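User: I'm new to reading protein models and would like to learn by walking through one. Could you give me the general idea each time, then the case here?

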Amino acid sequence: RFSDVAVPGDRHLVWSVLPVLRAAAAPNEVTRLQLGISSPPRPRDVIAHLANLPSDALARWPLPDPVASVYQRTFDFLGAQWSKISPEDQATLRSLACVPVGDVLVKPSRIFFRLSSDFSPFMFQVPRCFGAQEAFLKKVGARETPSGRDLALFLRELGAECRGNPLNPNELSAVTKVLETVTESHSSAASANLLVPDSSGVLVAASMC
């Protein structure tokens with residue numbers, strides 16, 4: 001169906017979920033409206049595109065345009081459309097690893113505008129190239145700095161993601177820094193039910209150690 005294709009100017013927003021017309025085949029504005037081709041695309045299609053990208057998408061980047069410029073445009077589009085995006089789709093965006101940091105895609109809740117320590121490979125500082133997208137990134141979960149509660153929640157999420165598998169040395173180093181920061185925050189709420197690595201590197205409840 002013509003309603004399920006994108007015009008060349010929108011390829012950055014939906015290239016993994018919708019066929020993109022060749023420039024020579026792109027219709028004029030009147031014909032596009034008659035055929036039911038949406039431009040700009042529906043926000044839901046853009047979100048589906050972000051969800052469809054594999055974890056190694058940046059390492060196998062297929063577009064001639066730089067990663068940063070493509071994501072800048074994507075974030076600008078979603079930020080402008082935010083009021084038209086359903087709460088369910090907004091929640092989906094918050095759960096996606098959709099922010100490029102180096103060669104990895106990161107969940108918005110794991111990026112911060114200021115970090116006192118290096119928490120990679122789990123949490124990162126917002127790349128400078130996305131400074132103009134600050135308002136959108138905050139809408140989807142980025143924060144100024146991580147609180148003790150944020151870090152404790154991260155450890156619980158990481159424990160669920162690891163499913164009982166041990167952390168590697170780099171991951172253990174990052175988790176140790178997280179635990180030190182939580183301790184220094186003197187937050188009793190954050191310290192409650194805290195997960196820590198056991199002798200084999202598996203995250204378990206602190207009460208079990």
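**Reading the backbone, helices and rings**

Analyst: Helices (H or I, at least four residues) and strands (E, at least two) are DSSP runs, numbered from the N terminus. This is a predicted model, where local features need pLDDT of at least 70 and side-chain atom pairs pLDDT 80 or more, while totals for chains, interfaces and linings use all residues. Residues are numbered from 1 along each chain as its sequence is written, and side-chain values use heavy atoms, leaving out hydrogens and water.

User: Where does Arg163 lie, and is Arg163 buried or exposed?

Analyst: First, the general idea: most residues other than glycine have a negative phi, and most peptide bonds are trans. Arg163 is a residue other than glycine with a positive phi, and it lies in the loop between helix 7 and helix 8 (169–185). Its relative accessibility is 73%, so Arg163 counts as exposed. Buried means under 20% relative accessible area, exposed over 50%, and partly exposed in between (1.4 Å probe, protein chains only).

User: Which residues does a cis peptide bond join?

Analyst: Ser39 and Pro40, with omega about 5 degrees. Pro40 sits in the loop between helix 2 (29–35) and helix 3. The bond from Ser120 to Pro121 is cis too, with omega near 15 degrees, and Pro121 belongs to the loop between strand 3 (111–112) and strand 4 (124–125).

User: What span does helix 7 reach from its first C-alpha to its last?

Analyst: Helix 7 (residues 148–162) has 15 residues and reaches 21 Å, close to the 21 Å expected. The expected span is 1.5 Å times one less than the number of residues. In general, an α-helix has 3.6 residues a turn, so residues three or four places apart point the same way. Among the buried residues of helix 7 are Leu151, Leu155, Leu158 and Cys162. Across the whole protein chain, 41% of the 209 residues count as buried.

User: Which residues do ring pairs link into a cluster?

Analyst: A pair of aromatic rings is described by the distance of the centres and the angle of the planes. Rings of Phe, Tyr and Trp (its six-membered ring) pair if their centres lie within 6.5 Å; planes under 30 degrees apart count as stacked, over 60 as edge-to-face and the rest as tilted. That rule gives seven aromatic pairs, and ring pairs link Trp15, Trp61, Tyr71, Phe75, Trp82, Phe130 and Phe136 into a cluster.
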